[in-house]
Amino acid sequence: MKRYILLFCATVILSACNKNDNMLQFDAAQSYIYFAYPNANTRAAEKYIDSIYYGFALDADLQRKEKTIAVPIAVGGESSSNNRTYAYIVEDSSSYEPNTVKFSSPVINANNFVDTLFITFQRSIKMKTKPTVLYLRLAGNNEFVPGNLYNQKIKVVVDDILNEPKWWNTWKNYFGPYQKEIFQQWMQIYYLGADPSPDLTTAAPGPIYYWNNMPTSAYASWYPVTFNYIQVLKQYFIDHQVYPDGDITKERIQLP
Amino acid sequence: MNLKNLTYILFLAILLFEGCSKDLGNYDYKDVNTIAIAGLLDNSHPTGRIYEVPFNDTVRLNPTVSGSLSGNDTSALIFEWKVDSVTVSKTKNLFYVANKRYGKISAEFHVTDKSTGTTTSYNCFLNIVNPYKWGYYVLTQNKAKDASLYCLSSITKKSSFDQVLLSKLDKLGKNPLSISGTKKYGASSSDFYNVLTIGIQDAVNPVVVIDSREFVPTLLYNSSSYVGGGDFVFRPTQVQTDLYNEVVYAVNKGKFHVLRKGTIALPAFINDPTDYKIAPNGVATPLGNGSYFMSIYDENNKRVRVWDNGVTGNEYAYVNDYKEISGQELMNGKTFLACSYANIPSINHIYLFRQDNQLYSYRLDYGADYKPKAFSQLGTAAVPTSSQIGYVYFDGRTSRWYMAAGKTIYMASYLGVEFQKYVQLPSDASGNIVKFKILDGKLMIATNDPAADKPGSIYIYNANTMVLEQAHKHVIDEIVDLHLGILVE
């Protein structure tokens, strides 16, 4: 009996000697490259995000014609005293007009561990109906190989569409059903700096609440200033006759 | 049973049998000198052992120390006082100048008996506060209408009104309107500070909210605080704070505004077709329910206005203006004097009017659906005096009307308006009563004597016994308003 027990244990122990073919290796002699766009959510497990969004319609400068997005490119491994070129591929699944997008040179300057890929988007009519989407994937060349498994690829979305923000549902009782005209006016009224309130939970000094960082709950006693501005918004649509898309055959926009 | 087990059992049995030995009680007891500390605040909870000390004042604590054997002989005792963990005295009595820092700091008194080496300790807190954290506050104006704030501290030994200057604010402004306030409580009923609201008509910041702990402005309201933008000018004519909430009500160009968290909201009923205008004293003092219900007296249209927010969570955003309330005509032709929210029995508004020499009191009742139902007359009576009626207000806490005329304050139950004499100033008091308030068991009365160099006098009564406790005659400029925010020991 003892013999069988020993044999079983030996089998279990020896199975641990199996080679892990999937194990990631870091070759100190090699230089790796990856997208390093910082994640604003510092609590998230991933330090870098894998997608970027920009909307011309959400920009405080309503007349903006172009937007440059700076994408940090980070190097894993040693730096070099020479400028090094990296390679990336714009994947076929991307959807964009080539004449409206410009890329900067894909270069990691000498002695740098981080450099920037600048992508400039021209505002176009088409963006009002269809987002421009780029899928960029880093490729290997003589200087670098793609590193950091989760950040070898990045998605960049740019549009000119005033989408319903995530917070709208929370505030629906006061803003009514989503209308881009209401949202546009709210952006003008409740800009960063209008509401001096400190953070409700941390008491961090304001201003912090504005149209793109709305309080997480719609309680008037918690966020009285936000409600003050909702009154201003409501009054605007009382004083001004605004129709969806300017179409006077539709019902005039008013807040509840 | 083998020998080994027997040995174990025998060993355990010996241990057990030892416990049966008889206790002979022949211990050698000796009485030890037990130290008792008295004459200091004695409370099992730390909040009951706090000495309130104004900054820069001196703390003198003279405890009584006695021993169960040594009696009052303290020659064998070593004393040590520690304040904020620093030894400040090696004597029995503490003499400490509170000029290090603000806040609650610990104080420890250790008594060590040299004969036994035992130490007995007492712990308490010294709460080093601004002397004006609690007191009687007075808002005044000089002949040039410049506003000043005075305070008679209720915690310093000195009994005089000091002018209080606000850091960060050079001058308060001109044409002061009012001072009001609420209390912010901490861990106990005695652990509070005042949140004061000052209204000045012509000022860089016409409304200033002050934290009395360090007497610094915490909120400043001016034209740029208005959420509606445009060419709004904030020059209020009435300012009052809610009694229970951190909300300030202001009347600007006759319109009603709510001030919260540093912003001035749009006026209530901004597009009112009848262009309402709130009369002086015409905001029904809310008793914590202002977020839902509000009533004002509209002097443009000579009628009471009743508003609510639809009893929703959208606080202070009044959307209903009730025009067709039965009984409204009862007030026609009468002169408005005062109004207030009331809780008699639950939701009401109460109004006082005058016609010729007769007073009329009305109540607005609400239905079960929280909608205003009808006005009714509560009572009528002759004006109690031939003197000119001055300040009139309804005290919601006690449901009583108060009215000043000359040097006398009259009082009436809400049930009627049979005003009775409540208090009369001493015959040598100069000037007529301009303002008075009853709070924390005190009645504070202000008079102005225009002929005097310092027109303002203050009289403080015990509101329970009606005994005059303090009279400060001709000590300050012309008094505009007053407020009580005192610590009652």
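**A tour of chains A and B**

Begin in chain B, where an open sheet of four strands runs in the order β21-β22-β23-β24 with antiparallel pairing. What you see is a predicted model.

Select β21 (278-283) and β24 (320-322) of chain B next. These two strands stand at the edges of the sheet, and each has a single partner strand, so one side of each is left without a neighbour in the sheet. Looking across the sheet, neighbouring strands are turned against each other by 30° on average, direction ignored.

Now show both chains. Here 13 residues of chain B are in contact with 13 residues of chain A. On the chain B side, the residues that touch chain A divide into five nonpolar, five polar and three charged.

Move to chain A and select helix α3 (residues 180-189) together with helix α4 (residues 224-239). They pack at an angle of about 130°, and their axes are 10 Å apart. The two helices, α3(A) and α4(A), are therefore oblique to each other. Their crossing is right-handed.

Which residues make the contact? From α3(A), select A:Gln185, A:Trp186 and A:Ile189.

Key
Residues are numbered from 1 along each chain as its sequence is written. Chains are lettered from A and ligands numbered from 1 in the order in which they are written. This is a predicted model: local features need pLDDT of at least 70, side-chain atom pairs count only at pLDDT 80 or more; totals for chains, interfaces and linings use all residues. Axes are lines fitted to C-alpha atoms, for helices over the stretch in contact, and angles run from 0 to 180 degrees between N-to-C directions. Angles under 35 degrees count as roughly parallel, over 145 as roughly antiparallel, 65 to 115 as roughly perpendicular and the rest as oblique. A crossing is left-handed if the near helix is turned anticlockwise from the far one by less than a right angle, and right-handed if clockwise. Two residues are in contact if their C-beta atoms, placed from the backbone, lie within 7 Å. Ala, Val, Leu, Ile, Met, Phe, Trp, Tyr, Cys and Pro count as nonpolar, Asp, Glu, Lys and Arg as charged, and the others, Gly among them, as polar. Two strands pair if DSSP finds at least two bridges between them.
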